[in-house]
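Here is a walk through one protein chain and the two ligands that come with it. Have the viewer open while you read, and follow along one piece at a time.

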Amino acid sequence: MSNSVFVPGHITGFFTIENHEISLKNGSCGAGFLLSKGVRTTIDDADELIINVNQGDSTVIDEVLRILEIDTNFKITQDIQLPIGAGFGTSAASALSLSLALNDFLDLNYPKELCGQIAHMAEVNLGSGLGDVIAQTGHGMVLRVEPGAPGIGKIESFEHDVYVAWKSFGGIDTSSIIRDPHHREVISDVGLKYLEFFEEKSSLRNFLDFSYKFSTETNLMSGEVKSLVDYLNSRDDILGSSMAMLGNTVFAFAYDKSAFETLDIEGLHVDKLNNVGIVHD
Ligand SMILES: Nc1ncnc2c1ncn2[C@@H]1O[C@H](COP(=O)(O)OP(=O)(O)O)[C@@H](O)[C@H]1O
Ligand SMILES: CC(C)(COP(=O)(O)O)[C@@H](O)C(=O)O
């Protein structure tokens, strides 16, 4: 027997950090969007536990198996289609696709929200993310209006027919930012300001504008990220550009794919906003 689940990558544009002593209520509010690339987890029958990942290590998988208290033999294969640690929410996509795939494979019959809550707990426990899991249960551009795990927090999804380009210069250790008191304060103050503006009008233009202002005012952009973002923002055929939270990564939106194809930027990937979301095969 074999089954697989695909969970899209998620890029956050701006966010707040919301504390709670209960890890399911811990998380973030903010806005981001889903990509057509992500993480596919496949489970197959096996006589022993086999873990096969194309990038990274088994940290996320081990944490999900620990929370689920599963001690059965099977083979886990993860195809991580985006760079890890670079602001694409791959750790959340790994955790969520694994909990959903195991639910199907082992006929656990857990509600989808519970699978999401297990993945959210793995993320929060590892310090690798706050709001990616709940955002990945949505589609298109996703606004997180209340923090927490699926079934606890609240999201709104907006569909857009738009191309997304990205280029990564490398990773940022998410936990070193979200666990640092100074960063936490600045991120939450600036994030709240733009979240409130965005809740009034959740347009694509506002998302791009507020993401750029957030990354500038929080001082999170590296020099190389800022110069590419500024260059992309200077072009008329590009809707806007900003930094992927939290990675050394640039993203930009355009209605026409050719706006990116005519640029001669090494390592620029072109994708489409994902209006579909999670897929079970
Ligand atoms: N399968 C995996 N997917 C993503 N991250 C992983 C995985 N396995 C281990 N890791 C580690 O988890 C951490 C995730 O960091 P984070 O910055 O949150 O990544 P991302 O931005 O991709 O979610 C990194 O230290 C990475 O090395
Ligand atoms: C921005 C971040 C805290 C981290 O995102 P990543 O580095 O992609 O795991 C995200 O989880 C969020 O809550 O918005």
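Helices (H or I, at least four residues) and strands (E, at least two) are DSSP runs here, numbered from the N terminus. Keep in mind that this is a predicted model: local features need pLDDT of at least 70, side-chain atom pairs count only at pLDDT 80 or more, and totals for chains, interfaces and linings use all residues. Residues are numbered from 1 along each chain as its sequence is written, while chains are lettered from A and ligands numbered from 1 in the order in which they are written.

**The whole chain**

Let's start with the overall picture. The chain's secondary structure comes to nine helices and eleven strands. Its C-alpha atoms fill a box of roughly 55 × 40 × 30 Å along the principal axes. The radius of gyration is taken over C-alpha atoms, and the globule rule is 2.2 Å times the number of residues to the power 0.38. For 281 residues a compact globule would come out near 19 Å, and the chain has 18 Å, which agrees.

How much of the chain is buried? The share is 51% of the 281 residues. A residue counts as buried if 20 or more other C-beta atoms lie within 10 Å of its own, as exposed if 12 or fewer do, and as partly exposed in between, with C-beta atoms placed from the backbone. As for contacts, two residues make one if their C-beta atoms, placed from the backbone, lie within 7 Å. Among contacts with a separation of 6 or more, 73% link residues 24 or more positions apart.

**The two ligands**

Next come the ligand surroundings.

In α1, Val60, Ile61, Glu63, Val64 and Leu65 are buried. The buried residues of this helix pack against β3 (50–53), β4, α2 and α3 (112–126). Just after α1, Glu69 takes a positive phi of about 55°.

Now find Gly89, in the loop between β4 and α2. Why is Gly89 called buried? Because 36 other C-beta atoms lie within 10 Å. Leaving out residues up to four places away in sequence, Gly89 touches Gly9, His10, Gly129, Asp132 and Gln136. Gly89 and Thr12 are 77 residues apart in sequence, yet 8.5 Å apart in space, C-alpha to C-alpha.

**A four-stranded sheet**

Strands of a sheet pair through backbone hydrogen bonds, either parallel or antiparallel. Two strands count as paired if DSSP finds at least two bridges between them. One open sheet here has four strands in the order β8-β9-β7-β10, with antiparallel pairing. β8 (240–243) and β10 (269–272) are the edge strands, each pairing on one side only. On average, neighbouring strands of this sheet are turned by 25° against each other, direction ignored.

Strand β7 (residues 163–171) and strand β9 (residues 247–254) run antiparallel and are joined by seven bridges; Lys167 has Val250 in β9 as its bridge partner. On to β8 and β9: they pair in the antiparallel sense over four bridges, and a hairpin joins β8 to β9 through three residues. Ser242 has Phe251 as its bridge partner in β9.

How many of the eight residues of β9 are buried? Eight of them are. Gly247, Thr249, Phe251 and Phe253 lie on one side, with Asn248, Val250, Ala252 and Ala254 on the other.

Methods: Axes are lines fitted to C-alpha atoms, for helices over the stretch in contact, and angles run from 0 to 180 degrees between N-to-C directions.
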